Amino acid sequence: MSRVSVPCHVKGTVALQVGDVRTSQGRPGVLVIDVTFPSVAPFELQEITFKNYYTAFLTIRVRQHTSTHTPAKWVTCLRDYCLMPDPHSEEGAQEYVSLFKHQMLCDMARVLELRLILRQPSPLWLSFTVEELQIYQQGPKSPSMTFPKWLSHPVPCEQSAPLLEGLPEPSRVSSEVQQMWALTEMIRASHASTRIGRFDVDGCYDLNLLSYT
Amino acid sequence: MLQEESDLSLIIAQIVQKLKGSNLYAQLERQAWASLQRPEIKLESLKEDIKEFFKISGWEKKLQNAVYSELSVFPLPSHPAAPPEHLKEPLVYMRKAQGSWEKRILKSLNSMCTELSIPLARKRPVGEQKELLNKWNEMGTDEPDLSLFRPVYAPKDFLEVLINLRNPNYENGDSLSFRTHLGLIQVPLKVKDIPELKEFFVELGLTTGQLGIDDSTQVPPELFENEHVRIGQKVLAEQDSAAAQQYIRQGSPTALRAELWALILNISSQPEDILYYEQLKTNVIQHDLLVDSLIYKDVKLTASNDDYYFVFEDYLYQVLLCFSRDTSVLGHFAYSSASPPKSYIRGKLGLEEYAVFYPPNGVIPFHGFSMYVAPLCFLYHEPSKLYQIFREMYVRFFFRLHSISSHPSGIVSLCLLFETLLQTYLPQLFYHLREIGAQPLRISFKWMVRAFSGYLATDQLLLLWDRILGYNSLEILAG
């Protein structure tokens, strides 16, 4: 299935913290990132891709376009998705993640805005975020072809002429030939990728120093 | 479900692509052509009949073993947006640390080159080539002057680098918290704890029989040993890699070990493999590398002085010199955090057509490297098979012991696992050693880096390496 990237505007992260940010001791454990789509009409979301950076849990809320004149509400479409199985250790900390439409709790047609809520309960990390955020929508479907009528509804053939003695049945022969043709096509299409074991350049391997780049 | 199906088809496509270039593919093709002569293969059901023939004649098993081997070695295909460096090592600061460590090694090698005025590589004159060919089987008798050479690095230098490894996003402050690392490694990698280890190594439990313990003279052989040997012979008759790997977790009988290891690593000595080894030998004779002197020095310093391994000195030269000419080893850099050093042909600096890897296999040996090969000499006497086994062991396991990576079998995780286990099981010993200034990792690091080769008696060492193969992981070294 093809997908098309949707240009989005990622607003700066907002930390949610109880009390004054400057005076309190601990670091914020919850961050909110808003993603808007200023130049695009409400679309159907197919996939979200990003690179994790020490975020443990992810919640996504979406605001959809409604046809009536009621104000659009925020709905949670992904709740506490675990990115790091152990928030205190490095597992999953810098992985690339894809989230698809079928993993979401609600329908993702006509998306207006997204809100990503990042949680990192462990006090060991200095910061956490998600990077390289990309949103994709459904790509254009392949153009449907209309077959001519005679191809999709073949005319039933008349009774075939009686076979000559000793010759095999034509339909069996044609199916065997078809199979063999398919095998030869497969062999022709495949090509081996063998390695060449030479390490020198035209027989010459005179080296001076190693290069640092 | 959709995701899993597409992942599976991606894995299948990747394995098929890899196997297409291999020897096995050509052999299967030849067998298929030859089988057309057989009476039971009919034209109309060609595909099914040939498949049936493969199943009966044992070729399907060989294919199964090859696929299993690919699955064990190569990591699963990752996310499409992930760049290749991510597959080598997902954590950015570890990549950086590995890069700067490699730069240090390159600088050291370059300075050795300029100090001694020896080129990195040169073509041997014909007379020297003839002489080396004559002496091939007894290179140990040679006594070149190696006093000016020194190993590029030793395990203790590497340990210093690992101790200074820090995650920039981690709270590395002085205040003690619930996660302060009391040992030397300060990186919060995920290591298995005791319950997880118990589950992972379930076949090593007290209630399961083990070779090395339950075959000692006091224990009657009917209890465990006879049955175990019988099962081993059956596994070998079936030629099934996966079954062999499961079997060897309880240890391998000495008589069956060589064949079992070859089965698990999917090594079979075909004429093409012997030819490949001879080709490498020719490469050794034609070109002389600085790395050769490093290998000579290392063997003389370590294996030749060891009571068990000094007899194998000639074998070690034959294997290690060929190993450094083998470009197929470059394939493992796709999933290792290390990168091979580059160089340019003399006079053509900067021109990409003249860029080559040095040494041809990309691996610079360090002090103690030859000890990886030495125990294998007890099992295999034919140089080309010994070579193949060592190469496969290196690209599957040993490369992780001297590169910085976050892999669970990587040396950093092994060190952390060791320290965590020691703190949990023997806290008084750990505290005491720390108080007297001897951090336990400093003592055990060199054991782990060499996979205990040279520090354990050979029969015990081979039993340990049985488990490494059986569990496809190096975590047992830390345990």
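Visitor: Is A:Asp34 buried or exposed, and what is its relative accessible area?

Guide: Please keep in mind that this is a predicted model. Buried means under 20% relative accessible area. A:Asp34 has a relative accessible area of 15%, and therefore it is buried.

Visitor: With which residue does A:Asp34 form a salt bridge?

Guide: A salt bridge pairs a side-chain nitrogen of Lys or Arg with a carboxyl oxygen of Asp or Glu within 4 Å. Here the partner of A:Asp34 is A:Arg115, with the closest N and O atoms 2.8 Å apart. The pair links distant parts of the chain, since A:Asp34 belongs to strand β4 of chain A and A:Arg115 to strand β9, 81 residues apart. A:Arg115 counts as partly exposed because its relative accessibility is 27%.

Visitor: How many salt bridges does the structure hold over all chains?

Guide: Over all chains there are 18 salt bridges. One of them joins the side chains of B:Asp292 and B:Arg325, at 2.8 Å from N to O. This pair also links distant parts of its chain: B:Asp292 is in helix α14, while B:Arg325 is in the loop between α15 and β3, 33 residues apart. B:Asp292 is buried, at 3% relative accessible area, and B:Arg325 is buried as well, at 0%.

Visitor: Where do B:Arg396 and B:Glu392 lie?

Guide: Both are in helix α16 of chain B, 4 residues apart, which is about one turn of the helix. Elsewhere, salt bridges that share partners form one network of B:Arg122, B:Arg124, B:Glu128, B:Asp288, B:Asp292 and B:Arg325.

Visitor: Which residues does B:Ser384 touch, leaving aside those up to four places away in sequence?

Guide: A contact requires heavy atoms within 4.5 Å. On that basis B:Ser384 touches B:Ser269, B:Ile274 and B:Tyr277. B:Ser384 is in helix α16 of chain B, and it counts as buried because its relative accessibility is 3%.

Visitor: Which residues make the nonpolar surface patch of about 270 Å²?

Guide: The patch is made by B:Leu8, B:Ile12 and B:Val16. B:Val16 lies in helix α1 of chain B and, at 40% relative accessibility, counts as partly exposed.

Visitor: What feature does UniProt place at residues 251-472 of chain B?

Guide: The unreviewed UniProt entry gives "domain: Rab-GAP TBC" for those residues. In this model, residues 251-472 of chain B are 50% helix and 5% strand, and their end C-alpha atoms are 14 Å apart.

Notes
Residues are numbered from 1 along each chain as its sequence is written. Chains are lettered from A and ligands numbered from 1 in the order in which they are written. This is a predicted model: local features need pLDDT of at least 70, side-chain atom pairs count only at pLDDT 80 or more; totals for chains, interfaces and linings use all residues. Side-chain values use heavy atoms; hydrogens and water are left out. Helices (H or I, at least four residues) and strands (E, at least two) are DSSP runs, numbered from the N terminus. Buried means under 20% relative accessible area, exposed over 50%, partly exposed in between (1.4 Å probe, protein chains only). Patches are made of residues with over 30% relative accessible area and no salt bridge: like charges are joined within 9 Å, nonpolar side chains (Val, Leu, Ile, Met, Phe, Trp, Tyr) within 5 Å. Accessible areas come from the Shrake-Rupley method with a 1.4 Å probe; for residues, only the protein chains shown count as cover. UniProt positions are given in the numbering used here, feature names are shortened, and annotations may be inferred rather than shown by experiment.
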